[in-house]
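This report concerns a single protein chain. The sequence and the structure are shown below for reference.

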Amino acid sequence: MRILTGLQPSGKLHVGNYFGAMEPAVRLQDEGEAFYFIADYHAMTSAQNPTALRENVRELAIDFLACGLDPSRAVFFRQSAVPEVNELAWILSTVCPMGLLAKCTSYKDKVAQGISPNHGLFAYPVLMAADILLYDSQKVPVGKDQKQHLEVTRSLAVKLNEAYGPGTAILPEPIIREDTALVIGLDGRKMSKSYNNTLPLFGEEKVLKKLIMKIPTDSTPVEAPKPTAGSTLLALYQLFASSTDYATMVAEHEQGGVGYGDFKKRLAEAYWDYFAPMRVRRAEILATPGYVDEVLAAGALRAREEAANVLDRVRKAVGLR
Ligand code: ADP
Ligand code: TRP
């Protein structure tokens, strides 16, 4: 079974990305042949900054490997290392009705956020469909926000098969991660880089712990019981603590007698310990010059091999060969 997903290199990874995307992807490596890529072409649709793009791609590669992506099991590559994807995107664009793209909410949302309404942003779902179909992907794990893009992908696969014969494209199944809890940010809203409320995965200990100490809390005195419903501290603590430690903190909220400063200190420690193995792995990766480049080069070679087969089939079907 071929499992494929892409991640946009769009800045420092945070705890929400970890639990919402990386950790599920790492678990899926054992269930089939995973193809994971860094969607650098897609990142260009919302920012045009070559230095940042290069850095973000590198950081994402390092961080994903540190989080447990195992290149001996998963094929890990940069989207742009397989430029064949553009040819398939073009072929798909010729069977893609304008109305299908006009319906996509993510384009409208991004334009509303102030991103320039460029053609790449509008055609984003076609390139994403090409990413998926180029590798005959069977399962595509994505967050809820990508559900519509998977529907577009399936429609385009059907259209290609209607126009050029069954089997030209293989229909993928989405795996929508409905079950991954929404990770709450430091201000109680969804953790997101657009809200500037994130807890980064990696960084300086002092800076990161300080972020936790600054989480806003109410003014309940130390002795008094504290509300547990809607508590940002407890929601975050639950991600990192054992169930017994979590239950203890809930009980201490209910009983009173422990101040928010104490709870925050414990949260900061639990968070720091949780990511300790990933930090160690990250340091090892950084201490091995050339490692990341080698992994990505080997991944690209393998991905390109597969892409060449599929593209050959599609070119013949459409009459380009
Ligand atoms: P951001 O909201 O910070 O811009 P992205 O949209 O780039 O994050 O998300 C990348 C991946 O991380 C997606 O799969 C998304 O579902 C997941 N993700 C992001 N934020 C959260 C969160 N707060 N809780 C759970 N998953 C998240
Ligand atoms: N659009 C996806 C996101 O923003 C990233 C992506 C690009 C992707 N191509 C893909 C995900 C193909 C799955 C399959 O999260």
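The sections that follow treat the chain as a whole, then a strand pair, and then individual residues.

## Overall form

The model is predicted. The protein chain contains 14 helices and five strands. Its radius of gyration is 22 Å, close to the 20 Å that the globule rule gives for 321 residues, so the chain is as compact as a globular protein of that length. Taken along the principal axes, the box filled by the C-alpha atoms is roughly 75 × 45 × 35 Å.

Of the contacts between residues at least 6 apart in sequence, 78% join residues that are at least 24 apart. Buried residues account for 47% of the 321 residues.

## Surface and charge

The accessible surface of the protein chain amounts to about 15,400 Å². Carbon and sulfur atoms contribute 54% of that surface.

The chain carries 36 positive and 37 negative side chains. The centres of these two sets are 4 Å apart.

## Strands 1 and 2

Strand 1 covers residues 2-7, and five of its six residues are buried, so this strand is largely enclosed by the rest of the structure. Its partner is strand 2 (residues 33-38); the two run parallel and are joined by six bridges. Within this pairing, Leu 7 stands opposite Ile 38 of strand 2.

In a regular strand, side chains alternate between the two faces of the sheet.

## Two loop residues with positive phi

Asp 136 is not a glycine, yet its phi is positive, at about 45°. This residue belongs to the loop that links helix 7 (119-133) and strand 4 (139-142). Asp 136 has a relative accessibility of 17%, and it counts as buried because the limit for that class is under 20%.

Asn 196, likewise a residue other than glycine, has a positive phi near 55°. Asn 196 is located in the loop between strand 5 (173-176) and helix 9 (205-213). Is Asn 196 buried or exposed? With a relative accessibility of 73%, Asn 196 counts as exposed.

Ile 215 is part of the loop between helix 9 and helix 10 (232-240). Its relative accessibility is 2%, and Ile 215 therefore counts as buried.

Which residues does Ile 215 touch, not counting those up to four places away in sequence? They are Leu 186, Thr 232, Leu 233, Leu 236, Lys 264 and Leu 267. Thr 248 is 33 residues from Ile 215 along the chain, and the C-alpha atoms of these two residues are separated by 20 Å.

## Tyr 246 in helix 11

Tyr 246 is situated in helix 11, which comprises residues 243-255. Its relative accessibility of 21% places Tyr 246 in the partly exposed class, because buried requires a value under 20% and exposed a value over 50%.

When neighbours within four places in sequence are left aside, Tyr 246 is in contact with Leu 234, Tyr 237, Gln 238 and Ala 241. Ala 235 lies 11 residues from Tyr 246 along the chain, with 9.6 Å between the C-alpha atoms of the two.

How values were computed:
Residues are numbered from 1 along each chain as its sequence is written. Chains are lettered from A and ligands numbered from 1 in the order in which they are written. This is a predicted model: local features need pLDDT of at least 70, side-chain atom pairs count only at pLDDT 80 or more; totals for chains, interfaces and linings use all residues. Side-chain values use heavy atoms; hydrogens and water are left out. Helices (H or I, at least four residues) and strands (E, at least two) are DSSP runs, numbered from the N terminus. The radius of gyration is taken over C-alpha atoms; the globule rule is 2.2 Å times the number of residues to the power 0.38. Buried means under 20% relative accessible area, exposed over 50%, partly exposed in between (1.4 Å probe, protein chains only). Contact means heavy atoms within 4.5 Å. Accessible areas come from the Shrake-Rupley method with a 1.4 Å probe; for residues, only the protein chains shown count as cover. Lys and Arg count as positive and Asp and Glu as negative; His and the chain ends are not counted. The place of a charge is taken as NZ of Lys, CZ of Arg, CG of Asp or CD of Glu. Two strands pair if DSSP finds at least two bridges between them.
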